[in-house]
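Welcome! Here is a short briefing on the pockets of this structure and on one of its helices.

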Amino acid sequence: MTQASVEVGQQLPPRTVHVERSSLVRYAGASGDFNPIHWDERFATAVGLPDVIAHGMFTMGAAVQVVVDWLGDAGKVLEYAVRFSAPVPVPHDGGADIEVSAVVKSVDAPARRAVVEITATHAGAKVLTRALATVATD
Amino acid sequence: MPVNAEVEGRTYPPTPPYVVSRAKIRELAEAVGATDPVHTDLEAARSKGYADVVAPPTFLVSVAQQGEAQAILDPEAGIDFSRLVHGEQRFVHHRPAVAGDEITATTRIDRVRQAGGHSMVTMVTEIADGQAAPLCTATSVVVIRGGE
């Protein structure tokens, strides 16, 4: 992504992240986070959750792909921060969808940097807030 | 039980060295739907100037959490793990992590505060490579829910 082609207010191509129980098992294995609230429905409901919930870090990691795809180089994500504002319950039947969009919030042309704000929602509720990625541009 | 505010400022020993592997990068990339070839294709990574395949932006959380575990398990901190919720996460990458990096994580309890019957603990973890050069600063805020 060249500096000249980045403008404040620019919308990045959105995407829908579909999450199945198997996605969470895969994430658990890849990350080493085997907390049973992410794969055992009986355990999750016993501790007061509506269902198995997605790992917050799964959502954080999946959401930034909107930025990486646009940027064209994952190594140019310099900073990335989120606040986890709501869980994503993942039912056995049908799984769950997370809608991800992003917009360029600011551009620092001399430093060749830009800040992108990511929005991630599930069932109409924001699951990430203050989700900001600082990226390097060419 | 609120978290003991006296542990604020406490730094824990570095974790044992962890070697970032191509296989683990591929697994994590596939798990989060990261399709950039720099994660899985060595030639693609090298053509962009990286020494090896590049870790996705959130890859280092597992290493950071190894450091954080020492704080969470510190008996003097009094953190009830069963009531812990991940509230915030931040990564500042000083350079991208690549396969072959041998890294350690050093966690400091930056802040403990109480609000609304809950405790909020901010942990800052410095991840450094084998030459002790900074790779990433990972900051997390965990919320320990108060009793109902």
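The second largest pocket has a volume of about 240 Å³. Its lining is made up of 14 residues, and those closest to its centre are A81(A), V82(A), R130(A), E88(B) and R90(B). Please keep in mind as you look around that this is a predicted model.

**The second largest pocket**
- Strand 2 of chain A provides the largest share, with four residues.
- Sorted by class, the lining of the second largest pocket holds five nonpolar, four polar and five charged residues.

**The largest pocket**
- The volume of the largest pocket is about 1400 Å³.
- Its lining counts 48 residues, and the closest to the centre are N35(A), I37(A), L84(B), V85(B) and H86(B).
- Helix 3 of chain B, which spans residues 61–72, gives the most to this lining, namely seven residues.
- The lining of the largest pocket divides into 26 nonpolar, 15 polar and seven charged residues.

**Helix 3 of chain A**
- This helix runs over residues 56–63 and is mostly covered, with seven of its eight residues buried.
- Which residues of helix 3 of chain A are buried? They are M57(A), F58(A), T59(A), M60(A), G61(A), A62(A) and A63(A).

Definitions and conventions:
Residues are numbered from 1 along each chain as its sequence is written. Chains are lettered from A and ligands numbered from 1 in the order in which they are written. This is a predicted model: local features need pLDDT of at least 70, side-chain atom pairs count only at pLDDT 80 or more; totals for chains, interfaces and linings use all residues. Side-chain values use heavy atoms; hydrogens and water are left out. On a 1 Å grid over the protein atoms alone, a cavity is a set of points where a 1.4 Å probe fits but cannot get out, and a pocket is an open set with protein on both sides within 12 Å along at least five of seven lines; lining residues have an atom within 4 Å of a point. Grid points are joined across faces, edges and corners, and a volume is the space filled by probe spheres set on the points. Helices (H or I, at least four residues) and strands (E, at least two) are DSSP runs, numbered from the N terminus. Ala, Val, Leu, Ile, Met, Phe, Trp, Tyr, Cys and Pro count as nonpolar, Asp, Glu, Lys and Arg as charged, and the others, Gly among them, as polar. Buried means under 20% relative accessible area, exposed over 50%, partly exposed in between (1.4 Å probe, protein chains only).
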